[in-house]
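Here's one to look over together, a few questions at a time. Have the sequence and the model side by side before we dig in.

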Amino acid sequence: MSKNIIDFLKSLGKDNKYAGLSKSSYFNIINFNVDYITKNTVRKIIKNNKIKYNTKVPNVFISEIKKMKIEEKFKENIKKFENMDRTKKIRGFLISYLSEESDYIFKTKIKYVFDEKFNLKKVDYRLMQIINRIFEEENSYYRGRKEITSKFINRIKENKLEKFMKNYQKLEFEEMEMMKKFIRNYGRYDIKTVKDEFYPKTCEEIDWFIQEYGLNPKLCGISVFAFDLNERKKFLNFMNEMKDKLI
């Protein structure tokens with residue numbers, strides 16, 4: 001138990017008797033009779049004292065305040081998500097997910113998104129945030145990421161969208177990272193400002209991919225050549241091999 005937590009509770013106790021806890025719980029904490037404060041106790045203190053996020057609040061409280069805010073938004077947004085038709089649900093999820101850095105969601109949590117009812121005991125905070133970002137802009141960073149990825153995802157043919165999602169799920173982590181970079185490159189550049197003669201030609205290794213999902217050939221060409229030389233070689237080899245692996 002850190003001293004700054006004890007001092008913080010004592011400061012709360014000046015305005016709210018026993019900081020919103022029972023007398024015994026309060027004195028057990030401030031007298032160092034317990035090794036740590038449980039999650040439920042932290043949340044009780046936050047609620048009973050209406051604690052808001054600020055730099056003077058100890059980290060253990062800041063962490064729970066953030067989690068409580070995510071949970072509150074998720075409980076609202078999951079209802080909206082479940083009421084969306086399947087196509088919009090997949091597009092929204094993919095756009096939000098591709099704004100993230102990690103690919104673990106597709107390996108461990110995707111079944112909770114489309115195959116089962118949401119259960120807060122199974123859904124972690126990262127997945128909650130992905131669902132939340134479908135309906136709200138958290139900050140300019142994710143807003144920019146969503147704008148970029150939406151240009152790719154919204155271009156995919158409706159009847160191929162679920163197929164794309166399932167094939168993406170089959171990729172290894174390194175392959176996911178390459179595909180994610182390709183997707184972001186696709187949405188990053190404005191083809192209206194580039195003259196036709198300056199467009200890189202698309203590579204035959206991805207022609208099948210362009211046709212399969214109804215993508216823009218010029219943007220795909222730019223997306224490939226935005227990789228550095230080594231990345232481009234690895235990506236094209238991967239795309240050539242992927243053609244025969246996926247459904």
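Q: Is Y18 buried or exposed?
A: Keep in mind that this is a predicted model. Y18 sits in the loop between α1 (3–15) and α2 (23–30). Its relative accessible area comes to 19%, and the cut-off for burial is under 20%. So Y18 counts as buried.

Q: What is the phi of Y18?
A: Y18 isn't a glycine, yet its phi is positive. The value is about 60°.

Q: And K50, buried or exposed?
A: K50 lies in the loop between α3 (39–49) and α4 (59–82). Relative accessibility of K50 is 69%, and over 50% is the mark for exposed. So K50 is exposed.

Q: How are α5 and α9 oriented to each other?
A: The axes of α5 (residues 86–97) and α9 (residues 140–153) come within 8 Å. They cross at roughly 135°, whereas roughly antiparallel would take an angle over 145 degrees and roughly perpendicular one of 65 to 115. The pair is therefore oblique.

Q: Which residues in α9 do R91, L94 and I95 meet?
A: Those three belong to α5. The residues of this contact split into three nonpolar, two polar and two charged. On the α9 side, the partners are K146, T149, S150 and I153.

Definitions and conventions:
Residues are numbered from 1 along each chain as its sequence is written. This is a predicted model: local features need pLDDT of at least 70, side-chain atom pairs count only at pLDDT 80 or more; totals for chains, interfaces and linings use all residues. Side-chain values use heavy atoms; hydrogens and water are left out. Axes are lines fitted to C-alpha atoms, for helices over the stretch in contact, and angles run from 0 to 180 degrees between N-to-C directions. Helices (H or I, at least four residues) and strands (E, at least two) are DSSP runs, numbered from the N terminus. Angles under 35 degrees count as roughly parallel, over 145 as roughly antiparallel, 65 to 115 as roughly perpendicular and the rest as oblique. Contact means heavy atoms within 4.5 Å. Ala, Val, Leu, Ile, Met, Phe, Trp, Tyr, Cys and Pro count as nonpolar, Asp, Glu, Lys and Arg as charged, and the others, Gly among them, as polar. Buried means under 20% relative accessible area, exposed over 50%, partly exposed in between (1.4 Å probe, protein chains only).
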